[in-house]
Amino acid sequence: MNIIFKIFCLIGIMTLLSSCNDKSNEVQEKEENKVVEKTQISEKELLDIVQKQTLKYFWDYAEPNSGMARERFHPDGNYPKNDAHVVTTGGSGFGLMAIVAGMERGFIPQDAAVARLDKIAEFLDNTTRFHGAWPHWINGETGETQAFGRKDNGGDIVETSFLAQGFLVVREYLKNGSEEEKAVAQKYDELWKGIEWNWYTNNKNGIYWHWSPDYEWEMDFMIEGYNECLITYVMAASSPDHAIDAAAYHDGWARSGNITTDVEAYGLPLILKHNTPGDKGGPLFWAHYSYLGLNPKGLSDKYANYWDLNVNHSLINYEYCQENPKNFETYGPNSWGLTASYTRKEDGGVGYSAHSPDDDRGVVSPTAAISSIPYTPEKSLRAMRYFYTDLNDLLWGPAGFYDAFSLEGEDWVAPQYLAIDQGPMVVMIENYRSGLIWDLFMNAPEIKTGLDKLGFNNK
């Protein structure tokens with residue numbers, strides 16, 4: 001009996017082990033198949049996945065009362081103070097363009113999208129404006145201005161220009177639609193036309209970034225190039241009723257011609273002097289924010305060819321990451337891109353930094369390479385595929401790629417999102433794929449007038 005019992009036990013154990021091995025092999029095979037599936041997805045499928053998931057930032061995770069883009073989205077719900085209801089004007093402008101792209105691709109229903117756009121227009125119409133300009137931050141629940149800094153509690157004309165870029169895209173997209181769509185287009189037209197761009201010159205030849213009802217012009221920040229603010233001057237010159245003079249652009253932004261440079265990096269001309277101490281260009285968002293609507297293809301003036309400017313800026317950023325002078329493990333042919341985003345603090349916590357060759361912390365922001373896709377398509381697509389396949393478990397979340405990561409020592413990620421990083425990815429992918437947002441913005445008759453006024457060629 002004992003021998004028979006032992007034999008049965010042995011058979012049972014062997015059967016159990018075989019079953020476990022089968023299950024283990026099955027799990028391993030499934031995981032391998034997932035990797036293969038991700039690796040083998042087509043370019044179209046990859047772009048669809050990234051666009052659609054990233055759009056959720058502005059669709060599923062928008063501030064509920066206003067419909068606007070939150071300044072930041074923390075999936076764990078751990079927001080500082082009442083930050084979950086702080087909305088950003090510039091990021092919301094990016095979001096307007098992203099929603100248009102989402103409608104066109106069928107990622108979101110047209111009628112629901114039009115209703116959301118209407119809700120946003122109504123909210124903006126009922127918030128406090130400062131000579132037609134919105135503040136950087138607004139409380140999405142109350143519509144009240146949320147101070148960005150002690151003296152920064154009034155109009156922010158740069159953030160307003162990012163927002164107004166979105167106004168024109170929405171207007172152009174809806175203006176020939178149904179009666180409801182035409183009514184929404186009209187609301188955005190009125191919001192755009194009410195911005196007093198010329199007020200923000202402070203009667204000088206240049207545009208001043210801030211004006212406060214309490215501190216007036218005390219921040220004293222004239223916008224001079226080159227950085228992310230070219231669109232501010234273009235919008236200001238294009239206004240039907242409150243346009244700036246061309247001298248503000250040439251004397252202010254272009255520094256009376258001193259904006260140009262002969263400096264090169266990696267054999268590539270910078271073309272314009274970046275507002276950084278080094279010679280390898282600023283953070284990559286400078287090649288994105290102004291050009292979400294403003295099409296740099298064939299765009300030039302006496303200072304620059306803007307396509308060459310942005311291609312070179314992106315390539316210099318890429319080449320810097322390949323040179324990798326600080327020997328960070330994070331960088332490689334498929335892992336690159338320095339721009340403003342969350343960053344890794346020395347204690348492993350999450351901070352914020354405008355990463356660039358001048359401020360290199362071994363942190364990659366996915367938006368940097370991905371939003372440069374019109375300029376560096378092959379390099380950007382390789383990075384996107386690497387982020388999505390090799391780093392999926394680390395980087396992929398409810399609204400697309402998390403904001404920033406580092407592979408130094410222990411892998412690190414900022415498992416959060418910023419509007420100003422998510423929006424450019426959706427919009428620039430669309431411009432790469434179809435040119436939709438560029439076409440809508442450049443079709444606005446005011447923009448054609450404004451560019452002519454400032455001496456641009458657009459061929």
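Strands, marked E, are DSSP runs of at least two residues, numbered from the N terminus. Strand E11 supplies the largest share of the lining of the largest pocket, 4 residues. The model is predicted. This briefing covers the pocket, the cavity, the salt bridges and one serine.

**Largest pocket**

- The volume of the largest pocket is about 650 Å³.
- Its lining counts 28 residues, and those closest to the centre are His136, Phe148, Ala340, Tyr352 and Ile420.
- At least two lining residues come from each of helix H5 (157-174), strand E10 (340-344) and strand E11 (350-354).
- By class, the pocket lining holds 16 nonpolar, 6 polar and 6 charged residues.

**Cavity**

- The whole structure contains 1 cavity of 30 Å³ or more.

- Side chains of opposite charge can pair when their charged atoms come close.
- The whole structure holds 17 salt bridges.
- One of them joins Arg72 to Asp83, with 2.3 Å between the closest N and O atoms.
- Arg72 belongs to strand E1 (residues 72-73), while Asp83 sits in the loop between E1 and strand E2 (86-88).
- The two residues are 11 residues apart, and the pair links distant parts of the chain.
- Arg72 and Asp83 are both buried.

**Salt bridges: Glu430 and Arg105**

- A salt bridge also connects the side chains of Glu430 and Arg105, at 2.7 Å from N to O.
- Glu430 is in helix H13 (residues 419-433) and Arg105 is in helix H3 (residues 89-105), so this pair ties together parts 325 residues apart in sequence.
- Arg105 has a relative accessible area of 31% and is partly exposed.

**Salt bridges: Glu224 and Arg255**

- Glu224 pairs with Arg255 in a salt bridge, the closest N and O atoms lying 3.6 Å apart.
- Glu224 is in the loop between strand E6 (210-211) and helix H7 (230-238).
- Arg255 is in the loop between helix H8 (246-253) and strand E7 (264-265).
- This pair links distant parts of the chain, 31 residues apart.
- Glu224 counts as partly exposed at 28% relative accessibility, and Arg255 counts as partly exposed at 29%.
- Elsewhere, salt bridges with shared partners join Arg171, Glu172, Lys175, Asp189, Lys193 and Glu446 into one network.

**Ser290**

- Where is Ser290 found? Ser290 is in the loop between strand E8 (268-269) and strand E9 (299-300).
- Ser290 has 0% relative accessibility, and the cut-off for buried is under 20%, so Ser290 counts as buried.
- The Ser290 side chain reaches the backbone nitrogen of Leu230 at 3.3 Å.
- Leaving out residues up to four places away in sequence, Ser290 touches Gln165, Glu228, Cys229, Leu230 and Ile231.

Technical notes. Residues numbered from 1 in each chain as written. Predicted model: local features only at pLDDT ≥ 70, side-chain atom pairs only at ≥ 80, totals over all residues. Heavy atoms only, no water. Buried < 20%, exposed > 50% of the residue type's maximum accessible area, 1.4 Å probe, protein only. Polar contact = N/O pair within 3.5 Å; in protein donor to acceptor, adjacent residues only side chain to side chain. Contact = heavy atoms within 4.5 Å. Salt bridge = Lys/Arg side-chain N within 4 Å of Asp/Glu carboxyl O. 1 Å grid on protein atoms, 1.4 Å probe; cavity = no way out; pocket = protein on both sides within 12 Å on 5 of 7 lines; lining within 4 Å. Points joined across faces, edges and corners; volume = space filled by probe spheres on them. Nonpolar A, V, L, I, M, F, W, Y, C, P; charged D, E, K, R; others polar.
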